[in-house]
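Q: Can you walk me through this protein? I'd like to start with the ligands and then go over the helices and sheets.

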Amino acid sequence: MIPVIALVGRPNVGKSTMFNRLTRSRDALVANYAGLTRDRKYGEGEINKRQFIAIDTGGITGDEEGIDSAMAEQSLLAVEEADVVLFLVDSRDGLTAADEMIADHLRVNNKKTYLVANKIDGQNHDVAMAPFYELGLGEVYGTTATQGRGVKSLMEMVLEEFPENVVEDAEEDEAKGIKMAIVGRPNVGKSTLVNRLLGEDRVVVYDMPGTTRDSVYINYERNEKPYTIIDTAGIRRRKNVKESVEKFSIVKTLQAISDANVVVLLVDATEGLVDQDLHLMGHVIDQGRALVVALNKWDGLDNEHKEFVKNELERRLRFVDFADIHFISALHGTGVGHLYESIEQAYSAATDKLTTNHLTRILQDAVATHQPPMVGGHRIKLRYAHAGGKNPPIIVIHGNQTESVPSHYKKFLEKTFRRVLDLHGTPIKLEFKSTD
Ligand code: GDP
Ligand code: GDP
């Protein structure tokens, strides 16, 4: 599981700046709470090929009245969800009473904590950091979130503590079959769908382990083929386990996306596409996962409404035009069986072996049909291509001046590879290498 890192500290110490530096925050997911100006934000980051999830919190004010309860609650929830806490303080302000109060909270919480003195730019580092040793939280790490100084080395150390994302060996993978994550906003019908998938006649379900924080991995067979569902909604254990975190967990969702081969993203058709649905899709694409979109509760719509929703999808889902869209009713089972066709297709597109020969031939044909542009008086040359990874398929293209390939030409190549190789259902990644 990818580690989860919470950024806490009083307002203005630089948490948001740090969050933006650490994550691809384009589509940060937000846990919304009525009446709060600042919510928890979630994003993914990667340093030296090690992935992590970062949570930015509103902050704890820690004034003499006690801690500001709404904001503090956000921070404490984030701490609870996290594996590691980065406790940020402002090295320009020196140690404040609020910092001390937060330190007390963190000590009670007993999470691995790194004390980060931010804004050390323009100061003598040792002098700026010295007062914070008084907090008794061990080493103090100096950073400049605005410029990124100290951030990478800090993160390398933080991530060192976690096992590397190991690639499971192929045999074990095969035995478990396709790993699917069923994700979506609260109440879109995830657990109804999981129950429906497992309740089919031809399905044999194996033991289901249960833990409080992690998603449940359900192994089953359908027509004698193995599958694993990563269940983020937590079916069948809601009754027994008092969940400390809210039912819909963004952390679980992001971890499930990262660990899946194929993501089935559920959307509530009665509500239409909302921003959070699109943000979730953005994360699936960023992670390179194969994607199947299912519009659920289709039974609840009249014809006019169905037309409306379909038009809206056409307009707003252009950026995922590689993904199949299904119209289903998890409640009645309509269309649910057909999901497997798209799941299988997306999985094989994402994982099938691509040979150097074939990729190079496609590249050369593409270049012959439509030459790359000239740059600085020389034509960009693209010579050969080979596979650089699976799920998502990575296609590595070698040539000269490849750093100058314009984005419209990259799009053209991507489209060509996608069409010729029938890479339907998965994002693909092109990487360019110059050999001169
Ligand atoms: P938050 O309230 O803790 O999320 O703090 P912000 O990230 O919004 O930062 C508050 C202010 O501090 C902003 O004006 C930032 O540009 C500034 N800031 C953040 N990090 C640094 C830093 O490392 N050096 C300097 N000089 N300013 C910083
Ligand atoms: P989750 O929070 O995403 O796991 O959503 P649930 O599976 O708990 O479903 C939320 C609500 O939507 C429940 O009342 C379900 O009965 C209802 N629901 C789920 N699927 C459908 C469907 O296909 N059609 C209709 N009409 N209701 C559905």
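A: The model is predicted. To start with ligand 2, 16 residues surround it, and the closest are Gly189, Lys190, Ser191, Thr192 and Leu331.

Q: Which helix gives the largest share of the shell around ligand 2?
A: Helix H7, residues 190-199, gives the largest share, three residues.

Q: And how does the shell around ligand 2 divide by class?
A: There are eight polar, five nonpolar and three charged residues in the shell around ligand 2.

Q: OK, what surrounds ligand 1?
A: The shell around ligand 1 has 15 residues, with Gly14, Lys15, Ser16, Thr17 and Ala145 the closest. Helix H1, residues 15-22, gives the most to that shell, three residues. By class, the shell around ligand 1 has nine polar, three nonpolar and three charged residues.

Q: Let's zoom out. How many helices and strands are in the protein?
A: The protein has 13 helices and 19 strands.

Q: And what share of the residues is buried?
A: Of the 436 residues in the protein, 39% are buried.

Q: What about contacts between residues 24 or more positions apart?
A: Among contacts with a separation of 6 or more, 71% are between residues 24 or more positions apart.

Q: Sheets next. What is the order of the seven strands in the open sheet?
A: The order is S9-S10-S11-S8-S12-S13-S14, and the pairing is mixed.

Q: Which strands stand at the edges there?
A: Strand S9 (203-205) and strand S14 (324-327) do. Each has a single partner strand, so one side of each is left without a neighbour in the sheet. From one strand to the next, the twist averages 25°.

Q: How do S10 and S11 run, parallel or antiparallel?
A: Strand S10 (residues 216-222) and strand S11 (residues 225-231) run antiparallel, joined by seven bridges. One bridge pairs Glu221 with Pro226 in S11.

Q: What holds strands together in general?
A: Strands of a sheet pair through backbone hydrogen bonds, either parallel or antiparallel.

Q: Where does H8 lie?
A: H8 lies across S8, S11 and S12, and runs at about 155° to S8.

Q: Now H9. What span should it have, and what are its end C-alpha atoms apart?
A: Helix H9 covers residues 275-286, and its twelve residues should span 16 Å at 1.5 Å a residue. The end C-alpha atoms of H9 are 16 Å apart, which agrees.

Q: Which residues of H9 are buried?
A: Asp277, Leu280, Met281, His283, Val284 and Ile285 are buried in H9.

Q: Why do residues three or four places apart point the same way in an α-helix?
A: An α-helix has 3.6 residues a turn, so residues at that spacing point the same way.

Q: What comes just after H9?
A: Just after H9 is Gly288, which takes a positive phi of about 75°.

Q: And H10, how many of its residues are buried?
A: Of the 14 residues of H10, one is buried, so H10 lies largely in the open. At 1.5 Å a residue, helix H10 (residues 303-316) should span 20 Å, and its end C-alpha atoms are 20 Å apart, which agrees.

Q: Back to sheets. What is the order in the three-strand one?
A: The order is S17-S18-S19 in an open sheet, with mixed pairing. Strand S17 (381-389) and strand S19 (429-434) stand at the edges, each with a single partner strand, so one side of each is left without a neighbour in the sheet. Neighbouring strands of this sheet are turned by 25° against each other on average, direction ignored.

Q: Which helix packs on that sheet?
A: Helix H12 (residues 356-369) does, touching S17 and S18, and its direction makes about 145° with that of S17.

Q: How many bridges join S18 to S19?
A: Six bridges join strand S18 (residues 394-400) to S19, and the two run parallel. Gly399 has Ser434 in S19 as its bridge partner.

Q: Last one: is Arg419 buried or exposed?
A: Arg419 is exposed, with 11 other C-beta atoms within 10 Å. Arg419 is found in helix H13.

Technical notes:
Residues are numbered from 1 along each chain as its sequence is written. Chains are lettered from A and ligands numbered from 1 in the order in which they are written. This is a predicted model: local features need pLDDT of at least 70, side-chain atom pairs count only at pLDDT 80 or more; totals for chains, interfaces and linings use all residues. A residue is near a molecule or strand if its C-beta atom, placed from the backbone, lies within 6 Å of it. Helices (H or I, at least four residues) and strands (E, at least two) are DSSP runs, numbered from the N terminus. Ala, Val, Leu, Ile, Met, Phe, Trp, Tyr, Cys and Pro count as nonpolar, Asp, Glu, Lys and Arg as charged, and the others, Gly among them, as polar. The expected span of a helix is 1.5 Å times one less than its number of residues. A residue is buried if 20 or more other C-beta atoms lie within 10 Å of its own, exposed if 12 or fewer, and partly exposed in between; C-beta atoms are placed from the backbone. Two residues are in contact if their C-beta atoms, placed from the backbone, lie within 7 Å. Two strands pair if DSSP finds at least two bridges between them. Axes are lines fitted to C-alpha atoms, for helices over the stretch in contact, and angles run from 0 to 180 degrees between N-to-C directions.
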